[in-house]
Amino acid sequence: MTAWMLRTETGRAQPVSGRRTAVGREGEATVPERGASRAPGGGVRRGPGALVGAVALAMLACGGGVAHGADDGRASTGHGAHGAPVGATSTPGAGGAGDPSRRDDAVSVGGSTWTRASGVFSPPGAFVPSDALTYDTRLVPAGARVEITEFAGPSGTRVEARLRGLVPGRAYGMHVHTSPCGADPAAAGPHYQHRPAATADPVNEVWLDFRTDEDGDGSAKALRGWAFREGGARSVIIHDRQGGAGERAACFTVPFGPRAGG
């Protein structure tokens with residue numbers, strides 16, 4: 001059973017409605033009823049929502065991909081953000097500052113959770129507030145996009161980053177940091193560390209260094225055999241160079257790990 005949402009535009013991420021999108025004979029996107037799946041011959045049959053959510057998490061745990069939409073609304077498999085599994089919750093404008101560009105999605109089945117946060121970069125103090133802040137618009141232009149996905153299960157944690165609209169063909173560093181972003185780049189605090197240490201370590205921390213392609217898009221993935229502490233990891237910082245240090249070019253507030261009361 002397919003448990004993915006097919007995006008049909010490259011605008012800002014839309015709230016997940018819990019419906020699965022299929023592609024019709026003429027290439028048009030069609031949306032069956034909630035919890036429905038395509039039967040042979042084009043009919044619709046219903047399936048248990050809990051099972052769909054479990055299958056979605058299993059696919060995410062195995063690193064499954066999704067299709068993404070093109071600007072003209074036709075289905076495509078170009079660069080873009082992950083689709084969310086059926087049964088996920090979606091919260092637009094979830095940032096503490098009321099960021100209208102932000103979208104947060106989450107789904108939990110058994111002892112595993114999948115969360116996604118996406119936003120659009122803007123400078124501190126911009127008229128429209130954002131949880132994605134760029135401190136150097138030459139490296140991270142206003143309007144560039146970021147998406148962070150976290151899958152946490154019994155075997156550990158996987159963090160993925162996808163970015164669009166950066167400088168083409170450039171290397172960037174990225175790390176998970178301890179505090180939310182602020183107007184001052186230092187507000188995000190130091191690197192998150194699984195065990196306190198005096199030096200930066202890519203095994204003890206989450207590094208997401210990446211290089212953009214000719215379109216300025218980039219992605220990275222980190223697998224760790226441990227989980228974030230509750231409240232311990234709250235953002236990602238994009239640096240001007242790869243490795244354990246570098247100037248802070250941009251920041252995106254992301255509440256990683258266990259949530260209070262969750």
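Rings of Phe, Tyr and Trp (its six-membered ring) count as a pair if their centres lie within 6.5 Å; planes under 30 degrees apart are stacked, over 60 edge-to-face, and the rest tilted. This is a predicted model, where local features need pLDDT of at least 70, side-chain atom pairs count only at pLDDT 80 or more, and totals for chains, interfaces and linings use all residues. Residues are numbered from 1 along each chain as its sequence is written, and side-chain values use heavy atoms, leaving out hydrogens and water.

**View A. Ring pairs link Tyr192, Trp226, Phe228 and Phe256 into a cluster.**

**View B. Tyr172 and Phe210 form a stacked pair.** Their ring centres sit 5.2 Å apart with planes at 10 degrees. Both residues are buried. Look for Arg170 as well: its charged end sits over the ring of Tyr172, 5.3 Å from the centre (the cut-offs are NZ of Lys or CZ of Arg within 6 Å of the ring centre and within 35 degrees of the ring normal).

**View C. A disulfide joins Cys181 to Cys251.** Cys181 and Cys251 are both buried.

How values were computed
A disulfide is a pair of cysteine sulfur atoms within 2.5 Å. Buried means under 20% relative accessible area, exposed over 50%, partly exposed in between (1.4 Å probe, protein chains only).
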